[in-house]
Structures are given as C-alpha cells and as structure tokens.
Amino acid sequence: MRMDDYDELIEAYKKNGIPHEPYYWYTDQRKYGSSPHGGYGLGLERFLAWLANQHTVRTCSLYPRFMGRCKP
C-alpha cells in the first residue's frame, strides 16, 4: 500500500533527496485527506470498458461476478 500520511510522505521525500514540489498533485491528496489505496492503475477491464463504451467493467471482465449467477 502507498503512504497515506502527509507528514510521513514528506519525510520520505526528504530522506531520499526528492523534491516534493513536482508531486504536489499527489501530496495534496494526502494533505487534504484521501482514502488509502494501492495505486492509480487503470487495469485491463477498465480500459476495455472505456474502449467498448460500456457503463460497467463487469461486462468486460474475463471472469464476471454477477450476483445470483451461480447458485449452490
């Protein structure tokens, strides 16, 4: 998971000698609050849904998970 604490992120920039100004778009999310997440990956299903102009990624998923599709 990525760092979700603003102060921890700024310290990591300093520790590694990275200027934080070019990454304002990312650090501002931590400064003003965002939910913890694993990244900004687009994903194949989302890309296919965008290409196919689909409302949901479920219709483009290789293994769709529809409720009530399989019953025991």
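This briefing covers the fold, surface patches and selected residues of one protein model.

The model is predicted: local features need pLDDT of at least 70, side-chain atom pairs count only at pLDDT 80 or more, and totals for chains, interfaces and linings use all residues. Residues are numbered from 1 along each chain as its sequence is written, and side-chain values use heavy atoms, with hydrogens and water left out. The protein has three helices and zero strands. Of its 72 residues, 14% count as buried.

**Fold**

- The elements run α-α-α from the N terminus.
- Helices (H or I, at least four residues) and strands (E, at least two) are DSSP runs, numbered from the N terminus.
- Helix α1 spans residues 6-16, helix α2 residues 24-32, and helix α3 residues 44-51.
- Among contacts (heavy atoms within 4.5 Å) with a separation of 6 or more, 30% join residues 24 or more positions apart.

**Surface**

- The protein exposes about 6500 Å², and carbon and sulfur atoms supply 56% of it.
- Accessible areas come from the Shrake-Rupley method with a 1.4 Å probe; for residues, only the protein chains shown count as cover.
- Buried means under 20% relative accessible area, exposed over 50%, and partly exposed in between (1.4 Å probe, protein chains only).

**Patches**

- Patch residues have over 30% relative accessible area and no salt bridge; like charges are joined within 9 Å, nonpolar side chains (Val, Leu, Ile, Met, Phe, Trp, Tyr) within 5 Å.
- A salt bridge puts a side-chain nitrogen of Lys or Arg within 4 Å of a carboxyl oxygen of Asp or Glu.
- L42, L44, F47, L48, W50 and L51 make a nonpolar surface patch of about 660 Å².
- One of these, L48, lies in helix α3 and is partly exposed at 33% relative accessibility.
- D4, D5, D7, E8 and E11 form a surface patch of negative charge.
- Asp and Glu count as negative, Lys and Arg as positive; His and the chain ends are not counted.
- Each charge is placed at NZ of Lys, CZ of Arg, CG of Asp or CD of Glu.
- E8 sits in helix α1 and is partly exposed, with a relative accessible area of 42%.

**Selected residues**

- T27, in helix α2, is buried at 3% relative accessibility.
- Leaving out residues up to four places away in sequence, T27 touches Y6, L9, I10, Y13 and H20.
- N53 has a positive phi of about 55 degrees, although it is not a glycine.
- N53 falls in the segment after α3 and is exposed, with a relative accessible area of 69%.
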